[in-house]
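Visitor: I would like to learn how to read a few features of a protein model. Could we take them one at a time?

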Amino acid sequence: MTWIAAVHGVLPPNRYPQSELTDLAARTFLPEGADRRLLDRLHAGARVEQRHLALPLDQYAKLDGFGAANDVFVSTAVELGAEAVGAALDEAGLSPADVDLFMFTSVTGVAAPSVEARVAGLLGMRPDIKRIPVFGLGCVAGAAGIARLHDYLLGWPDHVAVLLSVELCSLTLQRGDASTASLVASSLFGDGAAAVVACGSGREGSGPSVVATRSHLYPGSEQVMGWEVRDSGFGVVLDARVPEVVRTYLADDVHGFLADHGLTAGEVTAWVCHSGGPKVLDAVADALDLPPEALELTWRSLAANGNLSSASVLHVLRDTLRLRPPRPGTAGLLIAMGPGFCSELVLLRW
């Protein structure tokens with residue numbers, strides 16, 4: 001058994017209402033004087049009220065190419081990552097020297113040495129710490145990361161494992177890209193970080209436990225979501241079929257997974273879902289026949305922060321622990337989806 005000792009989310013200090021971010025998107029993507037009605041409609045329909053950005057708004061026009069944007073990614077990711085991990089360890093009553101495995105995930109920048117190596121040095125983690133940097137999982141990585149920590153801790157029950165997610169989506173904006181996918185992404189994605197501290201069964205403590213996990217890589221869906229790597233950086237791939245894929249596969253995945261553990265959807269007391277956007281959340285609720293309140297914390301996170309890619313589901317998990325902890329002994333289900341196209345399910349016991 002793995003148990004989750006702490007979850008801590010961090011947001012950059014630069015916070016802006018959606019209206020200002022819509023104007024930034026118009027300046028970034030559209031020629032001067034171009035018709036912006038589609039952009040305005042997409043931003044208004046995203047159900048995002050505000051977002052936090054890695055940089056002040058006036059700094060984005062000064063980023064000259066992928067290298068400059070990635071330099072900001074590395075420095076900001078290390079700063080936010082150290083804050084998130086340090087706070088999560090404090091909440092768990094642990095020190096950096098207690099950590100045995102350190103996993104880092106992001107899909108919005110690259111670094112070598114990797115970000116977790118730099119954070120480990122700043123926080124004073126042991127030199128024999130095991131490190132796993134992960135790139136490419138995108139929005140699913142928060143759930144997949146917890147699942148992989150669980151896999152590790154089954155084999156090392158006396159160990160402590162940490163997952164760090166830092167996603168700085170604003171740094172991937174491609175100037176002059178007026179594609180629908182680019183405009184949709186500009187309406188949804190924000191910047192943020194989160195850290196999870198997990199412990200194996202050999203360590204005493206309290207927190208929700210991970211009962212089991214399940215992954216599903218959907219056939220023929222590689223072009224639904226991801227990046228197109230360009231000279232200028234990461235160009236977003238975001239197909240309109242994402243909600244359709246969710247409606248096609250998710251219900252069988254979830255109901256089958258729960259049934260394997262003697263559960264039904266009606267017995268789940270916490271739905272911890274990645275805030276993938278209104279159409280995706282509507283598809284999740286429709287596919288699973290969820291009551292309106294089931295995804296309330298996810299909708300609130302979307303409004304307050306936008307879609308933080310892999311960090312989103314971790315922010316929702318933190319909010320669940322703090323604001324709406326389920327009854328002890330009941331089941332929760334953590335759900336995220338991302339490039340592949342794929343889903344990751346994590347069954348929790350409170």
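Guide: Start with strand pairing: strand E6 (residues 160-168) and E7 run antiparallel and are joined by 9 bridges. Two strands pair if DSSP finds at least two bridges between them. Helices (H or I, at least four residues) and strands (E, at least two) are DSSP runs, numbered from the N terminus. Within this pairing, Leu163 stands opposite Val196 in E7. The model is predicted: local features need pLDDT of at least 70, side-chain atom pairs count only at pLDDT 80 or more, and totals for chains, interfaces and linings use all residues. Residues are numbered from 1 along each chain as its sequence is written, and side-chain values use heavy atoms, with hydrogens and water left out.

Visitor: How many bridges join strand E1 to E7?

Guide: Strand E1 (residues 2-10) is joined to E7 by 8 bridges, and the two run antiparallel. Ala6 stands opposite Val197 in E7.

Visitor: Are the residues of strand E7 buried or exposed?

Guide: Buried means under 20% relative accessible area, exposed over 50%, and partly exposed in between (1.4 Å probe, protein chains only). Strand E7 (residues 191-200) has 10 of its 10 residues buried, so it is largely enclosed by the rest of the structure. Both of its faces are covered, with buried residues including Ala193 and Val197 on one side and Ala194 and Val196 on the other.

Visitor: How is a pair of aromatic rings described?

Guide: A pair is described by the distance of the centres and the angle of the planes. Rings of Phe, Tyr and Trp (its six-membered ring) pair if their centres lie within 6.5 Å; planes under 30 degrees apart count as stacked, over 60 as edge-to-face and the rest as tilted. A search of the whole structure finds 6 aromatic pairs. One of them is Tyr218 with Tyr249, stacked at 4.4 Å centre to centre with 10° between the planes. This pair links distant parts of the chain, 31 residues apart: Tyr218 is in the loop between strand E8 (209-217) and strand E9 (225-230), and Tyr249 is in helix H7 (residues 242-260). Tyr218 counts as buried because its relative accessibility is 2%, whereas Tyr249, at 25%, counts as partly exposed. Trp227 and Phe234 also form a stacked pair, at 5.2 Å centre to centre and 20° between the planes. Ring pairs link Phe66, Phe135, Trp227 and Phe234 into a cluster.

Visitor: Which residue lies over the face of Trp299?

Guide: A charge sits over a ring if NZ of Lys or CZ of Arg is within 6 Å of the ring centre and within 35 degrees of the ring normal. Arg47 lies over the face of Trp299, 3.9 Å from the ring centre. The charged end of Lys130 sits over the ring of Trp156, at 5.0 Å from its centre.

Visitor: How much space lies in the largest pocket?

Guide: On a 1 Å grid over the protein atoms alone, a pocket is an open set of points where a 1.4 Å probe fits, with protein on both sides within 12 Å along at least five of seven lines; lining residues have an atom within 4 Å of a point. Grid points are joined across faces, edges and corners, and a volume is the space filled by probe spheres set on the points. The largest pocket holds about 560 Å³ of space. It is lined by 27 residues, and those closest to its centre are Val184, Leu188, Leu238, Pro243 and Lys279. H6 gives the most to this lining of the largest pocket, with 5 residues.
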